[in-house]
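Dear colleague,

Please find below the structure I am handing over to you. My findings follow it.

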Amino acid sequence: MMANMISALNNALDLCLAENEDIVIMGEDVAKDGGVFRVTDGLLDKYGPTRVMNTPLAENSIIGTAIGMALGGLHPFPEIQFGGFSYQAFSQIMHHAARFRTRTRSKMPIPMVIRFPASGGVGGPEIHSESPEAIFSHIGSLVVIESSTPYDAKGLLIAASHLHDPVIFIEPTKLYRMFKQEIPEDRYEVPIGKANVVNHGDDMTIITYGTMSPVVQNAVKDKNVSADVIDLRTINPLDEKTILDSVKRTGKALIVHEDQKSFSVGAEVSALIAEKAMFDLKAPILRVAGFHTPIPMAGYENYWIPNEKRVSQAIDSLLSA
Amino acid sequence: MEKTVFNGSVKYIQVMDENGNIDKNLYPKDLADKDLIELYKYMSLGREMSDKLVALQRAGLMPTIVPIYGEEATQAGSAYALTKDDWLLPTFRQHLSLIIKGVSIYSIFLYFKGYEEGFNLGAVNNSGPEIAPVGAGIPHAAGVAFSLKYKKKPNVALTYVGDGGTSEGDFYEGMNFAGVNKVPLVTIIEDNEWAISVPRAQQTAAETLAQKAFAVGADAIQVDGNDVLAVYKATKDAIDSIKKGGRPYIIEALTYRMGMHTTADDPTKYRPESEVDPWKPKDPLIRMKKYLVSKKLWNDDMEAKMKEDHNKLLDDAMEKIKEFKPDPKSIFETAFGFMPDSLKEEEDEAVKNNFWQ
Ligand SMILES: Cc1ncc(C[n+]2csc(CCOP(=O)(O)OP(=O)(O)O)c2C)c(N)n1
Ligand SMILES: [Mg+2]
């Protein structure tokens, strides 16, 4: 089937609900409205209001009650309407979802998939463009996934539904309807913890994910540069092997993401390369990322979010290094 | 032994019915004829501004807009009861309240356009910027009210929350702080029956939202939120009660979101148009106009003149927006009250490499 990311996710959720009766979708506007982006469209009609459930407008209790449901034997799929409002649920995610397994020495795992759209580039209102992946990866004991294609989104969501751990499943708003792709109609999985090498080359390794994945791929194409482009797909746990194998071969690394550069996924990947591939490097590691400020509102976001020009400049400077 | 330890009840008031008839016992006597005219003009301006913003969004000239269609009386009646030194802390929907507090149409257009400078201009007359995260403003307002009490100012803080917003922890927690500290806070619940696609019945099993005041030791009243005189009276009475040493107040204003949640929303997906119809005759502007006309305070010429004036105000604001030049350096320069070296370096690099061209 031809699918954009919304329909791929919708199809994946449908297959998950059909496969496992314990899966319950819950969140603000997920029922009749089908979610504000229509990711859960039609699922209420098919599975009924106890499996596709509107909740009161309260993120901390959405996650808190989902944790309780998981303890009680369900496999909740809570949706947070926008990534920025995951912070309302921060304590439940950080102190409870992430800790239950280890503090009960695995007697009480929390199988749960927390989905939300994130990142900017669509001119959304204030606090609708945050990129929280580094924050949730930092905590530990949370699987953090961010897909950049319809194919990956479906396969990763189905894979996430089979884990017995809390998963933060991030959907870049900008990519929801950006393009369509042929994907299998049936169930398939994309492995969690495995990055995807979406372009193969010799002169440098570019590591990216989410909204910046298509930007990087365009830059590489437009400049006709021979580069490995690694789309991380899973942020935590990081696919160290794919990153290091490539960097050791090319000797140059550029990391590109939309989220702030400082204290970020890029900071982690740079540290990994510095720790484990330092002597294979022919040039310093470069990073292109958001500035170290909160992402501004719609009128300013294009000044803040990295664009192809910035990526191209970085590629040039690595080529000449 | 058994005894009742708590009894609570919530009053409902309406001053002006759908036909513009007045309940003389409840009429707020401090309102002169010119106030009535001003309230009507404000409500009209609120609606016209909302319509204009939506039209600009549809024409591709504005990002997502939050309309206020149908909720003008709740905003106008409450904001009009404030003095210059009282505080007004909105959610994301009270553009009209802000206008009445003295914020310019230009600032409101500017932040809808996506520029923080719109909020910066909003920092006049003790008004806070609009806030996107639902419910998050209630604790702020409780804190502002605390500071007023601390500094022995004779003023109140007034804030808003939607029916949906009352489900957030922030609502309970902020109101609870207000109750415990008995701070001068008035919270208007702008109960428009919907939180995007979620009806009020899915937010709470309580009969009213006003009764949530009991849980925190605040006072409460429910009003016809489409009756600007009732909203004004309830707000004025609440402020007077607080000034006499009374508890914080919750005013639940029953209104209705006549249109879409935002321009990104399609209400036909979850709400039949037939559900909106009964609210049309309850329109806050129609009844106020009927009343003014019956008192010979208003006529068609005045209406035409008002529309013309408002159109000009709105067009001027839009023209001025076109002249606004965003300064990307402001992103860095407003990050802190000082400039860290690392941030300066990012800014310099952006300039040197022409990131913004
Ligand atoms: C914390 C938070 N969660 C979710 C949202 C997305 N959202 C914006 S408005 C809204 C509904 C608000 O309903 P209500 O409080 O009744 O106010 P209304 O929109 O009706 O004025 C939602 C869910 C948000 N802005 N903030
Ligand atoms: Mg509402």
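The contact between the two chains comprises 42 residues of chain B and 37 residues of chain A. Please note that this is a predicted model. About 3200 Å² is buried between chain B and chain A, and carbon and sulfur atoms give 57% of that area. Lys269(B), Ile331(B) and Phe355(B) supply 19% of the area that chain B buries against chain A, more than any other three residues.

Lys269(B) forms a salt bridge with Asp41(A), and their closest N and O atoms are 2.6 Å apart. On the side of chain B that touches chain A, the elements giving two or more residues are helix 5 (117–122), helix 12 (329–333) and helix 13 (341–352) of chain B. By class, that side of chain B has 21 nonpolar, 12 polar and 9 charged residues. Across the interface, 14 residue pairs are in polar contact, both residues being at pLDDT 80 or more.

I also examined one helix within chain A. Helix 12 of chain A (residues 308–319) has 12 residues and, at 1.5 Å a residue, should span 16 Å; its end C-alpha atoms are 16 Å apart, so the two values agree. Its buried residues are Arg310(A), Val311(A), Ser312(A), Ala314(A), Ile315(A) and Leu318(A). The cover over these buried residues includes helix 8 (212–223) and helix 11 (298–304) of chain A, together with strand 10 (204–208), strand 13 (253–260) and strand 14 (286–290) of chain A.

With kind regards

Methods: Residues are numbered from 1 along each chain as its sequence is written. Chains are lettered from A and ligands numbered from 1 in the order in which they are written. This is a predicted model: local features need pLDDT of at least 70, side-chain atom pairs count only at pLDDT 80 or more; totals for chains, interfaces and linings use all residues. Side-chain values use heavy atoms; hydrogens and water are left out. Helices (H or I, at least four residues) and strands (E, at least two) are DSSP runs, numbered from the N terminus. The expected span of a helix is 1.5 Å times one less than its number of residues. Buried means under 20% relative accessible area, exposed over 50%, partly exposed in between (1.4 Å probe, protein chains only). Contact means heavy atoms within 4.5 Å. Buried area is the accessible area (1.4 Å probe) that two parts lose on being put together, summed over both. A salt bridge is a side-chain nitrogen of Lys or Arg within 4 Å of a carboxyl oxygen of Asp or Glu. A polar contact is a pair of N or O atoms within 3.5 Å; within protein, one must be able to donate a hydrogen and the other to accept it, and residues adjacent in sequence count only if both atoms are side-chain atoms. Ala, Val, Leu, Ile, Met, Phe, Trp, Tyr, Cys and Pro count as nonpolar, Asp, Glu, Lys and Arg as charged, and the others, Gly among them, as polar.
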